[in-house]
Amino acid sequence: MDIFSIFTLCGGLAFFLYGITVMSSGLEKIAGGRLERILKKMTANPIKALIFGAGITAAVQSSSAVTVMLVGLVNSGIMKLSQAIGVIMGSNIGTTITAWILSLSGIQSTNFFVRLLKPDSFSPLMALAGVIMIMVAKSNKRKSVGAVLIGFAILMFGMKVMADSMAPLADMPEFTQILTAFTNPILGVVVGAVVTAVIQSSAASIGILQALSMVGGLTYGMAIPIVMGQNIGTCISAVLSSIGVNTNAKRVAAVHVAFNALGVIICLSAYLVGNSILHFAIDTQNISPFGIAVVHSIFNIVTTIVLFPFTGLLEKIALATVPEKKVRDKNVLLDERLLLAPSFAIAECYRQSIKMAEMAEFNFINSTKMLKSYHAKKADQIKSNEVKIDTFEDKLEAFLLKLSAKELAEEDSNRISQLLLTIGDYERIGDHASYMLQIAEKMKDSDRKLSPEAIEELKVIVHAVSEVFKITLEAYKTDNIQLAQEVEPLEAVIKRIIRKVKNRHIQRLKDGLCTPEMSFLFSDLLNDLRRIAAHCGNVATSVLQLHDATINKHEYNHRNKDEDLEFLNKYESYKSRYSVSRNKSFEKV
């Protein structure tokens, strides 16, 4: 084996890692926004969390990536530490699927059907099918399936290149001498941990070991400690990602390290003790890629079975390892680690946008109350919320732009578009609520009040705008199309009421029943209320667009509403609830 063989080995490793990346990216696109919904259901109890951890790791093909993602989820407050423990255990089982896939490369047979199971036989066909799907398919989901096929083919090609580069080792006496050093199990654990920590991929380190096993000379007794050490080495990603996060997120990394370290101590001790008593025959037998897959699976499954009843103990170890700070940690708004899993990141952005909308609703409701009775403490809360709303918009927008640069499923891409539009609308609603508070403060400072007629008019308009806001927020929270369709006719009624109120207000001004100063304030209030209703209309339209990307916002808002029977019926219904009586004062029917 010369320097060029080492170059080839590095190239094979590069193909292997790239193949995993392409395949996992395609699988995540296929899953789309469903991953986040599954997360909520599957982490409800430890067993479901275990199943979820195994499933998502099998899809992402990296337990390291899953653990880093867990650090981000806990750091953002989406998941509790107790929920993360089950997912960590499951991820160790899920990562074994890679070893089984790679073990197919060791199949040796002249039988046609058996040879079809060998990746060298079918991976070129998968690559061709994947390229055709990407070139021909119109659906993004089918293109993602094509990417998965190509990623798998590249992964298996990298595995073959690594195996071929190691073939000359079989004829090297020095290689045999090096292998004898691995009869020391402690050295095997250390080597497995170090190699995995360096390349930060347990799948890749298993692949290297399986490629090495095809050379010959590697026994079960040598491989078992190395496989165990690889599980410790994979913890390095979680440890590095826990730098600069809150206490609970650091504890996720501590649980991962404790779980794998205890698993190695228990299983390796049991194996060594058992071997010293029973003298296992396989200890000196050469191991194959299939044998490595078996060892890897048995170790991870046994470790999980043994330690699963002691999740509470693992949590206590993490609590003792990472003690609580004197100053209580705060969850970050959006953790950058969530970018590793775009569907989870988008779901968190959506959750934060709902918080933003609820703060805007609070500000709107209470700013209208200030017009009647001013309260300094409530005003301070509104102002504090307005600062938070602005912060939410800035951070959400920046984070969503980073997300939009990634390769996403169509469903996730549409959700990002909706979020970028709606957070701007909610921020503007917060601004108009602040403007209304300023008007209330001006009225308090000048000791002026609106006329009884103006107050009655405002009551009805505020009630209507409050209703449209409530409907909009519920439609946005639940993605309810039926509720979203209720917004536009009510918005149209609000515009009609405000137009009539403005005309009556102008008449009062002409009759000398209203001062110019109060006239300006009243007009500003009407404009703020109209704009809030308009922004609610924008949010409702975005909900409809999310379910039907063919809806054009401009055309939707300017279609021939006279011919839309459903719109007319709803419009008439709302108009009958908010009407003008004969004595020229508004009343709610």
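Predicted model: local features only at pLDDT ≥ 70, side-chain atom pairs only at ≥ 80, totals over all residues.

Modeller: Residues are numbered from 1 along each chain as its sequence is written, and side-chain values use heavy atoms, with hydrogens and water left out.

Colleague: How many disulfides does the count come to?

Modeller: A disulfide is a covalent bond between the sulfur atoms of two cysteines. With the rule that a pair of cysteine sulfur atoms must lie within 2.5 Å, the count is zero disulfides. Cys235 counts as buried because its relative accessibility is 4%, where buried means under 20% relative accessible area, exposed over 50% and partly exposed in between, with a 1.4 Å probe and protein chains only. Cys349 is also buried, at 0%.

Colleague: Which non-glycine residues have a positive phi of about 55°?

Modeller: Most residues other than glycine have a negative phi. Among those with a positive phi of about 55° are His279 and Asp479. His279 sits in the loop between helix H15 (247-278) and helix H16 (289-307), helices being DSSP runs of H or I with at least four residues, numbered from the N terminus, and His279 is exposed because its relative accessible area is 60%. Asp479 lies in the loop between helix H21 (452-478) and helix H22 (481-510), but Asp479 counts as buried, since its relative accessibility is 19%.

Methods. Helix = DSSP H or I, 4+ residues; strand = E, 2+ residues; numbered from the N terminus.
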